[in-house]
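Student: Could you go through this structure with me? I'd like to start with the core and then jump around a bit.

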Amino acid sequence: QAKARFDRPGIFARRCPHVVDECKRQADALRGAGDEDGVQEQYATVRALDPGDAMARVQIARSKLRKGDVSGGKADLRAIADDATLSRFVRDRALEDLADLALAPGSDGDFAVATYRELMTRTVDEDVLRTLEVKATAAAAPSPPPARAAIFQFLIGEPGRGADRVRAAELFGIWSASAPDDGLPHYLM
């Protein structure tokens with residue numbers, strides 16, 4: 001993680017660092033306002049000014065997903081994850097996003113479990129490890145019990161909508177009632 005953070009050039013080696021940082025701040029504000037076209041424009045500017053900022057590619061892919069362009073977002077994330085010239089940190093962010101999409105009920109839970117487990121081998125942050133463990137547990141859960149759907153709604157949500165904590169709470173309640181000895185739904189609530 002430290003290597004990924006310090007792989008980038010320092011502020012004096014970056015082209016227009018203040019402009020790049022302002023574009024990122026603008027993108028964050030536009031995301032909050034729901035303007036995904038604006039987010040993509042700002043990150044395209046970041047990429048033009050700082051081609052070494054690979055996280056800008058990830059942010060554009062995420063924006064496509066939030067806008068509902070699932071196939072475009074997935075294709076971008078897959079290209080990032082497969083690009084060996086990028087840092088492991090950036091490729092892992094793309095892999096986690098792909099696994100998050102596969103966590104959706106009815107999707108490829110095996111891919112999600114394998115990816116989360118792989119990411120866990122390269123993570124030292126306890127909070128991130130705990131989240132990956134919860135996601136892997138959900139992806140491995142059989143479809144009828146609401147565990148997978150509850151965790152998906154709680155942490156990720158449908159592309160274009162995001163996490164739905166109210167729906168997740170309802171599913172946690174159903175999960176808790178159907179598996180009273182399982183402490184995970186109570187912990188997550």
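Predicted model: local features only at pLDDT ≥ 70, side-chain atom pairs only at ≥ 80, totals over all residues.

Student: Okay, how many residues does the largest nonpolar core have, and which have the most contacts inside it?

Tutor: The largest nonpolar core has 40 residues, and those with the most contacts inside it are Leu77, Leu103, Tyr116, Ile151, Phe172, Trp175 and Leu188. At least two residues of this core come from each of H4, H5, H6, H7, H8, H9, H10 and H11, and the largest share, 7 residues, is supplied by H6.

Student: And what does Leu188 touch, leaving out residues up to four places away in sequence?

Tutor: With those left out, Leu188 is in contact with Val134, Ile151, Phe154, Phe172 and Trp175.

Student: What about H7, which of its residues are buried, and what covers them?

Tutor: In H7, the buried residues are Gly109, Ala112, Val113, Thr115, Tyr116, Leu119 and Met120, and what covers them includes H6, H8 and H9.

Student: Changing topic, what lines the second largest pocket?

Tutor: That pocket, with a volume of about 330 Å³, is lined by 15 residues, of which Leu65, Arg66, Ile156, Gly157 and Gly162 lie nearest its centre. Helix H4 (55-67) and helix H6 (88-102) each contribute at least two residues to the lining, and the lining as a whole divides into 6 nonpolar, 3 polar and 6 charged residues.

Student: Last one: where is Arg47, and is it buried or partly exposed?

Tutor: Arg47 sits in helix H3, which covers residues 36-49, and at 39% relative accessibility Arg47 counts as partly exposed. Not counting residues up to four places away in sequence, Arg47 touches Ala56, Arg57 and Ile60.

Student: And how far apart are Arg47 and Leu129?

Tutor: Arg47 and Leu129 are 82 residues apart in sequence, and from C-alpha to C-alpha they are 30 Å apart in space.

Methods
Residues numbered from 1 in each chain as written. Heavy atoms only, no water. 1 Å grid on protein atoms, 1.4 Å probe; cavity = no way out; pocket = protein on both sides within 12 Å on 5 of 7 lines; lining within 4 Å. Points joined across faces, edges and corners; volume = space filled by probe spheres on them. Helix = DSSP H or I, 4+ residues; strand = E, 2+ residues; numbered from the N terminus. Nonpolar A, V, L, I, M, F, W, Y, C, P; charged D, E, K, R; others polar. Core = buried A, V, L, I, M, F, W, Y, C linked by side-chain atoms within 4.5 Å. Buried < 20%, exposed > 50% of the residue type's maximum accessible area, 1.4 Å probe, protein only. Contact = heavy atoms within 4.5 Å.
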